[in-house]
Amino acid sequence: VGHHVRNAVSFMNARYAERISLNEIAEHVGVETKYLCRLFQQRLSMSPYRYLTDVRMRKACRLLRRQLLGIAEIAQSVGYQDPFM
């Protein structure tokens, strides 16, 4: 069970900058989406979507501190096409 969450976390950490869906994550791990959500809730106390959002926000914060890119560029680099979403 823990390996499913670890595999999903690795997948999201590697592809956070891409547009990825819950279905893609579950398919990569080899489980149903509902089961994956339940595993995340049990292991990490959050949904896969929340985890992915947290990864993206941490990466964006690091880029903002460097002050090398604008907000729109940072948003795109962490997987958001619209910087205001």
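Residues are numbered from 1 along each chain as its sequence is written, and side-chain values use heavy atoms, with hydrogens and water left out. Because the model is predicted, local features need pLDDT of at least 70 and side-chain atom pairs count only at pLDDT 80 or more, while totals for chains, interfaces and linings use all residues.

The core comes first. A nonpolar core is a set of buried Ala, Val, Leu, Ile, Met, Phe, Trp, Tyr and Cys residues joined through side-chain atoms within 4.5 Å. Buried means under 20% relative accessible area, exposed means over 50%, and partly exposed lies in between (1.4 Å probe, protein chains only). The largest nonpolar core holds 23 residues. Those touching the most other members are Ala-8, Met-12, Ile-20, Ile-25, Leu-36, Phe-40 and Tyr-51. Two or more core residues come from each of helix 1 (2-15), helix 2 (22-29), helix 3 (33-44), helix 4 and helix 5 (71-77). Helix 1 gives the largest share, 5 residues. Helices here are DSSP runs (H or I, at least four residues), numbered from the N terminus. In soluble globular proteins, nonpolar side chains tend to be buried together.

Charged pairs follow. A salt bridge is a side-chain nitrogen of Lys or Arg within 4 Å of a carboxyl oxygen of Asp or Glu. The count comes to 3 salt bridges. Arg-15 pairs with Glu-18, with the closest N and O atoms 2.8 Å apart. Arg-15 also meets Glu-24, at 3.8 Å from N to O. Arg-15 is partly exposed, at 25% relative accessible area. Glu-18 is partly exposed too, at 36%, and so is Glu-24, at 31%. In the remaining pair, Asp-54 bridges to Arg-50, and their closest N and O atoms are 3.2 Å apart. Both residues lie in helix 4, 4 residues apart, about one turn of the helix. Arg-50 is partly exposed, at 48%. Through shared partners, salt bridges join Arg-15, Glu-18 and Glu-24 into one network.

Arg-58, Arg-62, Arg-65 and Arg-66 gather in a patch of positive charge. Residues in such a patch have over 30% relative accessible area and no salt bridge, and like charges are joined within 9 Å. The place of an Arg charge is taken as CZ. Arg-65 lies in helix 4 (residues 48-66). Arg-65 is exposed, because its relative accessible area is 63%.

Terms used: Patches are made of residues with over 30% relative accessible area and no salt bridge: like charges are joined within 9 Å, nonpolar side chains (Val, Leu, Ile, Met, Phe, Trp, Tyr) within 5 Å. Accessible areas come from the Shrake-Rupley method with a 1.4 Å probe; for residues, only the protein chains shown count as cover. Lys and Arg count as positive and Asp and Glu as negative; His and the chain ends are not counted.
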